Amino acid sequence: MGTFLSLPSQQEFQDLAEKTGFSLEQIGILHRRFTQLSHGEATLRREDFKTIQDLSCNPIRCQIIEAFFDKRNLQKNGKGSVQEIGFEDFLTIMSYFRPPRLHMTEEERAGMRREKLRFLFNMHDTDNDGTITLEEYRHVVEELLSRSGALGKETAKAIADAAMLEVASISVGHMEPDEFYEGITFEHFLKIFNNIEIETKMHIRFLNMDTTTLCT
Amino acid sequence: MPSRTLPRVAAGLRSASERGLLALLMLMFLAGSVLPPGAASSPDLANRNSKAGHDHCQPSQELPEDRHNATKKAFPVLSFDYHHVQKPFEISLWVLLASLMKLGFHLIPRLSSIVPESCLLIVVGLLVGGLIKVVGEKPPVLDSDLFFLCLLPPIILDAGYFLPIRPFTENVGTILMFAVVGTLWNAFFVGGLLYGVCQIRGTDLGHVDLLACLLFGSIISAVDPVAVLAVFEEIHINELLHILVFGESLLNDAVTVVLYHLFEEYAGVGSVSMVDVCLGVISFLVVSIGGILVGTIYGILAAFTSRFTSHTRVIEPLFVFVYSYMAYLSAEVFHLSGIMALIACGAVMRPYVEANISHKSHTTIKYFLKMWSSVSETLIFIFLGVSTVAGEHRWNWTFVIVTVILCLVARVLGVVGLTYIINKFRIVKLTTKDQFIVAYGGLRGAIAFSLGYLLNEVQFPTRNMFLTAIITVIFFTVFVQGMTIRPLVDLLAVKKKQETKRSINEEIHTQFLDHLLTGIEDICGHYGHHHWKDKLNRFNKKYVKKCLIAGERSKEPQLIAFYHKMEMKQAIELVESGGGVKMPSAMPSTVSMQNIQPKKPVSDRVLPQISKGREEEIRKILRTNLQRTRQRLRSYNRHTLVADPYEDGWNELLLKRQKIIELEKKVGSFETPAASRSRWAEMTKMSNYLTVPAAAPDSPTMSRARLASDPQAYSSKPGSDNLPTIKVDLASPQSPDSVNLVDELSKRAGQGEEPDEDGGLVMKVPSSASGKDTKEDQNGAKDQQRLMRCLSDPGPSADEEEEDEPFLH
């Protein structure tokens, strides 16, 4: 399929490894997967993601795909989304899911935590305004429950509202009746995750062995 | 003699205030064991006693017949027949002793924070055993049958049923590694080196052969779940370490069982061939997998049975217990691992059973399991102490000291070595601190003792020496390690468990994360942990749940189920807090739905008017309702839960809670009786919690079945059925009227309710739909007063309030 030809040089891989923290083997495997998804082209588009079979039954599929094209996640300036991503961008997104290393200073750990949470936050905050509004939160819960039909839709609203109330009472505490809670800011978002060790939970196992041939 | 020693013992043990209690208890206990002077041939507990008592009873039963023929004796008015009740009486006494001891420890301030309960219980056991010996009786020994068939299962079932599945499955590789390889290593290391030591001249141990040593090693190497639970529950260590040590102690049972039977078998023959080793490995697989299989089958059966129990709620909890016990016994029949069967059974049945049974049954199960397991645990430790006094000991300094040292060394080496391997595969690595706690938490306990006790004295002449060494190791681990582990945890600053309630946000984000990680794995093309978990979840949802869960709840997604559970919990807290005026909330907060609701135009907010005629109608409805309640008082019935009014009651409370929040937003006019009834429910809330439940529309059986804590019942119905047809929105902050009304209401309701976290209930009524067909009336407060007047109607209410009140408090 010509993948051999499109393989970036060893030097490029080295640079990418330094930038994203993956090992060379992992980058090699991810690159093979990348070309498999993009059918040998240099960039990935949204349509390419939609062809992944396993992803089709994921309730939050749209958000996941959008996250790959979100400029905020790609560490580029500006907001909004891009139309296609290259391999480096693909790796950048993947690097959000790296597991923590054994010997990490507290600062590194906190930084990693912040980065991962920022990624999650961006997934919820679809309109880039820095807060997750009630509408956006409802949408998230609706998507989560999208597999359970009409029943889910109604309850989703209730759940999102209850969750929003909870956030409001945790983060603001006292509110006058005529005050208005705008939405979850990133700071409040951090507070929600106080009890979840996101740095150890949000990771996947990047293999050093090639399994792409098994997947379609 | 005993009466003189008693107070001294008591004084040594506890503060003066408890002395009386203890003395009384000791007297009672002694009375139980001393009373039959010479009657029971051995005062051994349970089994032996029963036989002795039984033999003794037989002639006395025949006696009256003989006499009947001979002479007629006056009918005895009062007779003394202790043997008749001896066995249950003594068992009860032991249980009572155990429970009172547990009670006593928590009465003494600061003691329970320094010394773990297990240590104190062993001390009590030693004292009691000593007392019995002083009196001249033979103290009972912890009988192995009693231990394995009665005392152990409740503890294991408790552990299995409440096993934290998520951390367990996430770390199952590590746990298995420690449980299987670690235990094997411990057994062979201790056994082998011990044999070496025994061969040294001058130790007087030359007669101990290798197989006996290995057998001893396999007995002593297994970490004991009872001891681990007892200590680890008190130190509140973080989830990961807890599940590592605890999981290991549960899963090593299969290894112990196989090794024990293997060595016991071959110790008789005296030689082991390569074939035997292979058979041993196969046997291990059969024992462990067979145990899990048996447990799973019974678990599924239990889940399936619970599907049909909706009409006989009273016996629901029993199914859980009996099926699990059957699983344990069935596994034991084939010498499979009973512990693994119990764990598998509990873990498999729980999600389905919980969805099927009523909330009350769930509480019952929870409490019974906790009660049984804690009594069992207490009894086990006390008996360990008593058995120490009772048993014949052969103390051999070399053997005992070498055993203790070898156990410690083997454990440390095993953990460090295995972690080195495991850390290569783990993503969250185990730190040195973690390794230390895992190694240090390897406590030994009553299982080892019971296995040692089971050894045949003829086959193993060194049995008593083994038992002594086992007891020493148990005491060493429980006392030294158990007492020092807490300060060490503090010293090393090991992360502790966070004691927080799981919030709805955490649940949402956990689920979101699960799906996200599955998605990313799919994009990477790695079929990893999350991928398979997702597949399993989908299979579970599609097929298994449909078969095992009755009704609608089988389709309920986890998030919704969690949400309903949370609502339920809040409702219960509400009931328990007494009438439900004040929402018990972790965070004192005044944030309410109106703060997060998107703003709406002001013009909609107006209040309905209540005409004189309407007022009259409400009065009438109130009266009929009250009368109906009188008829609804049911007679006692053994087969149904009589306390139904209670469930109605708090179902009502849920409804009321919902209404009072709604009231903040809207005031409805009363178009239908149903609507006015619900309105009335709100008003009762305001007027000193008049708490007569509204009449249920369906038949008693139906309502019972429905109300028996199916969360669906309240969450879906009340919101839509009792919805007032005309609604006025008061919620938006711009209206001064609404604020006034809310103030007014909260004043009447005693303390203003804090509706934070309640929003979900409110939202059942789509807020956009409100405020459509409104009648004009600006004076909300006056309106409200009129409603209050309706309530002050001198109907036949006074007595009724009293009657139903207790159900809600």
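Where in chain B does Ala493(B) lie? Keep that in mind while you get your bearings; we'll come back to Ala493(B) at the last stop. What you have open is a predicted model.

**Stop 1: the two chains**

Colour by chain and start with chain A. Its 216 residues are 53% buried, and the chain has 11 helices and four strands. The accessible surface of chain A comes to about 10400 Å², with 50% of that belonging to carbon and sulfur atoms.

Now switch to chain B. You'll find 33 helices and zero strands there. Of its 809 residues, 54% count as buried. The accessible surface is about 36000 Å², and carbon and sulfur atoms account for 63% of it. Take the contacts in chain B between residues at least 6 apart in sequence: 84% of them join residues at least 24 apart. For chain A, the corresponding share is 58%.

**Stop 2: a helix in chain A**

Select residues 24-38 of chain A, which form helix 3. From first C-alpha to last, this 15-residue helix reaches 21 Å, close to the 21 Å expected at 1.5 Å a residue. Step just past the end of the helix and you reach His39(A), which has a positive phi of about 55°.

**Stop 3: the nonpolar cores**

Next, show side chains for Trp94(B), Phe147(B), Leu152(B), Phe232(B), Ile382(B), Phe399(B) and Phe449(B). These have the most contacts inside the largest nonpolar core, which has 142 residues. Helix 12 of chain B (residues 239-269) supplies the largest share of this core, 17 residues. A second, separate core has 75 residues; Leu74(A), Leu190(A), Ile192(A) and Ile523(B) are included in it.

Leaving aside neighbours within four places in sequence, its contacts include Val141(B), Leu142(B), Leu384(B) and Ile470(B). Ser387(B) is another of the residues that Phe449(B) touches.

**Stop 4: two packed helices**

Which residues of helix 7 meet helix 19 in chain B? Select Ser144(B), Phe147(B), Phe148(B) and Leu152(B) on the helix 7 side. On the helix 19 side, pick Ala446(B), Ile447(B), Ser450(B), Leu451(B), Tyr453(B) and Leu454(B). By class, this contact has eight nonpolar, two polar and no charged residues. The two helices pack at an angle of about 145°, and their axes are 9 Å apart.

Stay with Ser144(B), which sits in helix 7 (residues 144-161). Is Ser144(B) buried or exposed? With a relative accessible area of 3%, Ser144(B) is buried, because buried means under 20%. Beyond its neighbours within four places in sequence, Ser144(B) is in contact with Ser450(B), Tyr453(B) and Leu454(B).

**Stop 5: two loop residues**

Jump to His236(B), in the loop between helix 11 (225-235) and helix 12 of chain B. Its phi is near 50°, a positive value in a residue other than glycine. His236(B) is partly exposed, at 35% relative accessible area.

Finally, back to the opening question: Ala493(B) lies in the loop between helix 20 (463-492) and helix 21 (504-524) of chain B. Ala493(B) also has a positive phi, about 55°, although it is not a glycine. This residue is exposed, with a relative accessible area of 56%.

Methods: Residues numbered from 1 in each chain as written. Chains lettered and ligands numbered in written order. Predicted model: local features only at pLDDT ≥ 70, side-chain atom pairs only at ≥ 80, totals over all residues. Heavy atoms only, no water. Buried < 20%, exposed > 50% of the residue type's maximum accessible area, 1.4 Å probe, protein only. Contact = heavy atoms within 4.5 Å. Areas by Shrake-Rupley, 256 points an atom, 1.4 Å probe, with all protein chains shown as cover. Core = buried A, V, L, I, M, F, W, Y, C linked by side-chain atoms within 4.5 Å. Expected span 1.5 Å × (residues − 1). Axes fitted to C-alpha atoms, helices over the stretch in contact; angles between N-to-C directions. Nonpolar A, V, L, I, M, F, W, Y, C, P; charged D, E, K, R; others polar.
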